[in-house]
Amino acid sequence: MTSVDLEGKAVVPAKPETIADEIVVSRHSGDESYLNLVWRRFRRSVAGMIGLVLVAMLLIMAVFADFFAPLDPKLTLLPYGPPTTLSFVDAVGTFSFRPVYYPIVETGEFDPITFQPLTGPDLENPKYLSFFVRGWSYKLFWVIDSDIHLFGTADGGPLNLLGTDKFGRDILSRGIIGSRITLTIALIVVALTTIIGTLVGIICGYLGGRVDAWGQRFVDLMLAFPELPLYLALATLIPVTAPSHLYIAFVIGVLIVLRWAQLSREVRGKTLALARIEYVRAAIATGAGDFRIVARHILPNVMSHVIVSVTLSIPAMVLLESFLGFLGFAVKPPLISWGLMLQDTNTFSVLGSYPWILSPVVFVLITVFAFNALGDGLRDAIDPY
């Protein structure tokens, strides 16, 4: 928008150089909302946008995991099969527009030292990568019957892009299916701990007095518990023969009980500061009820901290589930999670001979990076406003 000076010349306003100048310009340029300001600031963060895209892709992969998984995660093939190598050149050196690969099969020979059967590519039976192929049957959204998969082979042959585990199960398919359990545990725990911690923190900080004193002593008690030893001790109370869903519910319940107190302490501190601001005191003086004051004045001002806390807590929960699953205290078969898949890496001999068994770590790394990048971008976007 331009203006005209006293001599009739057009004057273009200078570009804001600081965040404060940007806020002033945006206020005078129109009725831009708080969310628009945050989104405009967030779009400038390269890491934040990358994290947002990766998080969206992870959530889509978890919802449509059966569609993205090329093989049945329970199908057993060649144990410890190496990853399949895709190429655009066939065995005779001819270029192919369709990616081609050769299934890994046993050659019939044995290693002279370990006496393990040797494997190699089957050059006589090339397979071509195809998209939207028919494969193993599943229920989309647990209701609709389907057998369409994003990629695979037209004849349903094995395609192990990340290799197979000790039972011959496809690692890529199990990793995609396992994202459901891992992300579900992380999202449910973070959602419930956020709700409980925010409510307790606001109530204690706003009411004060004995409610705050007794509430904070209870928070101190929860924070004093050593989380990991207590969790391992409580996990032994569940029988080994208990159903998998009951075990997951117990895991979620224990993690919620142990992890809400820290956020409650942070929200309480912000509420104590907000309760003494002039517009809150003015609302009290005009006779506004406690619920209206909390809902209209205090809660919106602590939500920025809560949102950032959520995006930073989810990767922590993913790492915790992976660690507990590696120890065998998170998910039990036949369910699949990234931590449970990492149990195959508990011996150095397996890692040395079959390094692709560590492939589930890639899923964990991508998830942790995505949510951390998203949280960092949101924190930079929210803080200036």
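Modeller: Two strands count as paired if DSSP finds at least two bridges between them. Please keep in mind throughout that this is a predicted model. Strand E4, residues 95-101, and strand E7, residues 127-140, are paired in the antiparallel sense over two bridges, and within this part of the model Val 100 stands opposite Tyr 128 in E7. In general, the strands of a sheet pair through backbone hydrogen bonds, and they may do so in a parallel or an antiparallel way. The pair of E4 and E7 belongs to an open sheet of four strands, ordered E3-E4-E7-E8, with antiparallel pairing. At its edges lie strand E3 (87-89) and strand E8 (144-153), each of which pairs on one side only. If direction is ignored, neighbouring strands of this sheet are turned against each other by 40 degrees on average.

From the sheet we can turn to the helices. Two packed helices are described by the angle and the distance between their axes. Helix H11 (residues 290-327) and helix H14 (residues 360-382) have axes that come within 9 Å and cross at roughly 165 degrees, which makes H11 roughly antiparallel to H14. The crossing of H11 and H14 is left-handed. Among the residues that make this contact are Ile 307, Val 308, Leu 312 and Pro 315 of H11, together with Val 364, Phe 371, Leu 374 and Arg 379 of H14. Taken by kind, the residues of the contact between H11 and H14 divide into 13 nonpolar, six polar and one charged.

H11 also meets helix H9 (residues 261-274), and the axes of H9 and H11 come within 10 Å and cross at roughly 150 degrees. Because angles over 145 degrees count as roughly antiparallel, H9 and H11 are roughly antiparallel to each other. The crossing of H9 and H11 is right-handed. The residues in contact include Leu 263, Glu 266 and Lys 270 of H9, and Ile 298, Asn 301 and His 305 of H11. The residues of the contact of H9 with H11 divide into six nonpolar, four polar and two charged.

One last residue deserves a careful look. Arg 40 sits in helix H2 (residues 34-42), and with a relative accessible area of 22% it is partly exposed. Arg 40 and Ala 381 are 341 residues apart along the chain, yet their C-alpha atoms are separated by 8.2 Å.

Notes
Residues numbered from 1 in each chain as written. Predicted model: local features only at pLDDT ≥ 70, side-chain atom pairs only at ≥ 80, totals over all residues. Heavy atoms only, no water. Axes fitted to C-alpha atoms, helices over the stretch in contact; angles between N-to-C directions. Parallel < 35°, antiparallel > 145°, perpendicular 65-115°, else oblique. Left-handed = near helix turned anticlockwise from the far one by under 90°. Contact = heavy atoms within 4.5 Å. Nonpolar A, V, L, I, M, F, W, Y, C, P; charged D, E, K, R; others polar. Buried < 20%, exposed > 50% of the residue type's maximum accessible area, 1.4 Å probe, protein only.
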